[in-house]
Amino acid sequence: MRKKEQLNSIIEICPVRNVIARFGNKWALLVILVLSENEPIRYNELHRKIPDISSRVLSGTLRVLEADALVERTYYQEVPPRVEYSLTETGRSLVPIIMQLTEWAQKNMKSIIEHRKDSSNDL
């Protein structure tokens, strides 16, 4: 049992695994990109810009990004209440990296899809 506890602690303190695991949600990077182009933005407008995400998943994604201090939620006590989302400095610093990843994916997508087809034929 000691080895399992030790392994879990290593995974928890590994900065790459710890941070990247939060992006296992396929929507997190897209939400960050949409926010970077439209901030500040209200929830319904954000949801309209990503129409194929469910309300539940969008809410959960925003909560995770807020907990990681990548997104800031601003609540205005008005009638009716207004909430806006925007990126924090940390969130903004991630945008160029996401853009590089996007460029890499676009450049290599055709080759990756071809290799997937080839390897699925081998199975």
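Helices (H or I, at least four residues) and strands (E, at least two) are taken here as DSSP runs, numbered from the N terminus. The model is a predicted one, in which local features need pLDDT of at least 70 and side-chain atom pairs count only at pLDDT 80 or more, while totals for chains, interfaces and linings use all residues. Residues are numbered from 1 along each chain as its sequence is written, and side-chain values use heavy atoms, with hydrogens and water left out.

Between S1 and strand S3 (residues 82–87) the antiparallel pairing runs over 2 bridges, and Arg42 has Glu84 in S3 as its bridge partner. On the other pairing, S2 and S3 are joined in the antiparallel sense over 6 bridges, with Tyr75 standing opposite Val83 in S3; these two strands form a hairpin with 5 residues between them.

Lys49 belongs to helix H4 (residues 43–49). Beyond its neighbours within four places in sequence, Lys49 is in contact (heavy atoms within 4.5 Å) with Val34, Asn38 and Ile41. Lys49 and Val34 are 15 residues apart in sequence, and their C-alpha atoms are 7.5 Å apart in space. With a relative accessible area of 40%, Lys49 is partly exposed, a class that lies between buried, under 20%, and exposed, over 50%, for a 1.4 Å probe and protein chains only.

The largest pocket is lined by Leu29, Ile98, Leu101, Thr102, Ala105 and Gln106, and helix H6 (residues 89–122) provides the largest share of that lining, 5 residues. By class, the lining has 4 nonpolar, 2 polar and no charged residues.

Terms used: Pairing = 2+ DSSP bridges. 1 Å grid on protein atoms, 1.4 Å probe; cavity = no way out; pocket = protein on both sides within 12 Å on 5 of 7 lines; lining within 4 Å. Nonpolar A, V, L, I, M, F, W, Y, C, P; charged D, E, K, R; others polar.
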